[in-house]
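Here is a short tour of a protein model, written for someone who would like to get their bearings before looking closely. Have the sequence and the structure open as you read.

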Amino acid sequence: MKRRGTIFRLSLLASLALVANAAEPASDAPPVGPIIDLPPLVVNASRDTTKWRYASVGDDEYLSGCSVGTTRSFIESRARMLDQLRTIVPDEFLAHLPTVTILVDSSQQPNPGDSLARDVLATATIRIVPNLRIDGRDLSALFIYIDEKAFAKTELTINANYLRFLLERRTPMLPPWLIEGVLSVHGQIDLRAEPVTLGPFVWLSLAESGAIARNPTRPRALLPAGEMFAPDVLRGAGNHDPRRVQTLQAQVGLFVRWALDPRNNARAAFWTFAKRASEQRVTEEMFFQCFGFGFSDLRDRLNDYLPLATKEPLQLDPGPSPKFAMPEVREATPIEIARLRGAWERLEIDYVQKSQPDFAGRYITQARDTLMRPYEQGEKNPWLLAEIGLCEIDAGTPAEALRFLEPAIAAGVIRPSAGYEVARLRFAELLRGQASNRFFSAAELASVVAPLRLALGQQPQLPEVFGLLADAWLRSREPAPPADVEALVRGAKYFAMNPAVSYRIALALARCGRRAEAVDLLDRGVDYVDDDAMRVRYTQLQAAIAGAAPAAP
């Protein structure tokens, strides 16, 4: 299946009419040099006259430079937006990352006369990208410029990239066919209609869909259901035909729509099937246990449903809306301003390093300035320390990062990425100058494993944490304790579809004596490996584990 996104991607939260797409130069003069798009750089705190307000809903935090009324309207609109999404996909199938949202009145947008633009005005024209969401490993951040007069008539909607992120970061991981199917259905929502309404289904093209709607007997080719669920359905030169790819993408969307249509009475069975498909390879027996019929019947039912789907819109009953309690919107404290602005500015560093690396240094300076000011004034809030440490990681100064990350995790801060980075840096130091076949005692590995255990007990669950735990115990002379072995078993369940960690977890499980789990993980994980050489390594390791003692890593 053609993937239209990756797990750690940038995504935007779209609205109908918040502000223009970018801040244009204030002058009528023609642009100087290339046009460079950069994320908003919040002004230095010493020159900031914004009256910041704070609110929180669960793990989500808001820092707003807008009025109390606009801030409340945004929070309420976001809640309605998520309620609409749950009409299509249950909450348990979405990732849950804490989100920092920064709202700024559009009148405060920078222009090319600000200090950032002046740095490069002679060689380029700067445009500031508004309404940007940047997704980190354990935190999402959103920056929006709001026209307060227009916002009262604005309704937020979820961008497909953000929905993809929520689906791809869920644990256990969701199979690609389900992600693509949900995205297809979400793309059919009629934003002007209530309740949630899906427009007529598009099969391959508008022309083809119209022809099927007019003539239900019109010939069309659907893929066998077994192929629709197969991870390797498009692998191999013979399976890249554009028509096959297009049919597959349309068919998974049709399947999800069919399952959500109340007339088919299949919604509960579908989500039971989806949950099982996230935990084990799809088989016809599993499908039958959920739906009461097999693959060939599914293909027939989808074929019969297609003319109806292309002809009629579909209304979905959202059910009773959960009660929404408006949070208190109050004046933000200095530490809240520094921490939340600093979190946003820290995430900007990686964004700019990838898109406009020449400007990364300016963003590093800005983030450090925001975060270090309260620290230098004596503030030792663990969340602030964690942000400072992660900022130094992004800035490329890991030794400096440990000075802040270690006391942050010692104080129990809930940031899995902080625990991971401490463990990663300690492990790198342990391995420095050592032979590749050197094994360590459990006591030597204790400083590496301890922060990983903290991260394993926090949300969200990060694949790199499980991968590093596997790496650590693969270098141990002593067996891993039962709790860590069970954590690796959990990682095998969560991330079988992630080749970056599944092979390493399988190696560690085999070495810990959990051969059955290791073989099962390799058997399922190989389906998601695109590299032929790596696929061979998966099958060789599986055979070695199943037949005899596993080879040394």
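The accessible surface of the protein comes to about 24,300 Å², and carbon and sulfur atoms account for 52% of that area. Of the 553 residues, 53% are buried. The fold has 22 helices and ten strands.

Two stretches call for some care, and they are set out below.

| Residues | pLDDT | Contacts beyond four places in sequence |
|---|---|---|
| residues 1-28 | under 50 | 98 contacts |
| residues 549-553 | under 50 | eight contacts |

Where pLDDT is low, the predicted coordinates should not be read in detail.

Now to the open space in the model. The largest pocket holds about 850 Å³. Its lining is made of 39 residues, and those nearest the centre are Val-57, Asp-59, Asp-60, Leu-97 and Pro-98. By residue type, the lining has 22 nonpolar, five polar and twelve charged members.

Which element gives the most to this lining? That is α1, with seven residues. Several elements supply at least two lining residues each, including the strands β2 (53-57), β3 (60-64) and β4 (99-105). The helices α4 (160-168), α12 (334-355) and α14 (382-395) also supply at least two each, as does α1 (68-88).

Terms used. Residues are numbered from 1 along each chain as its sequence is written. This is a predicted model: local features need pLDDT of at least 70, side-chain atom pairs count only at pLDDT 80 or more; totals for chains, interfaces and linings use all residues. Side-chain values use heavy atoms; hydrogens and water are left out. pLDDT is the predictor's confidence in each residue, from 0 to 100. Contact means heavy atoms within 4.5 Å. On a 1 Å grid over the protein atoms alone, a cavity is a set of points where a 1.4 Å probe fits but cannot get out, and a pocket is an open set with protein on both sides within 12 Å along at least five of seven lines; lining residues have an atom within 4 Å of a point. Grid points are joined across faces, edges and corners, and a volume is the space filled by probe spheres set on the points. Helices (H or I, at least four residues) and strands (E, at least two) are DSSP runs, numbered from the N terminus. Ala, Val, Leu, Ile, Met, Phe, Trp, Tyr, Cys and Pro count as nonpolar, Asp, Glu, Lys and Arg as charged, and the others, Gly among them, as polar. Buried means under 20% relative accessible area, exposed over 50%, partly exposed in between (1.4 Å probe, protein chains only). Accessible areas come from the Shrake-Rupley method with a 1.4 Å probe; for residues, only the protein chains shown count as cover.
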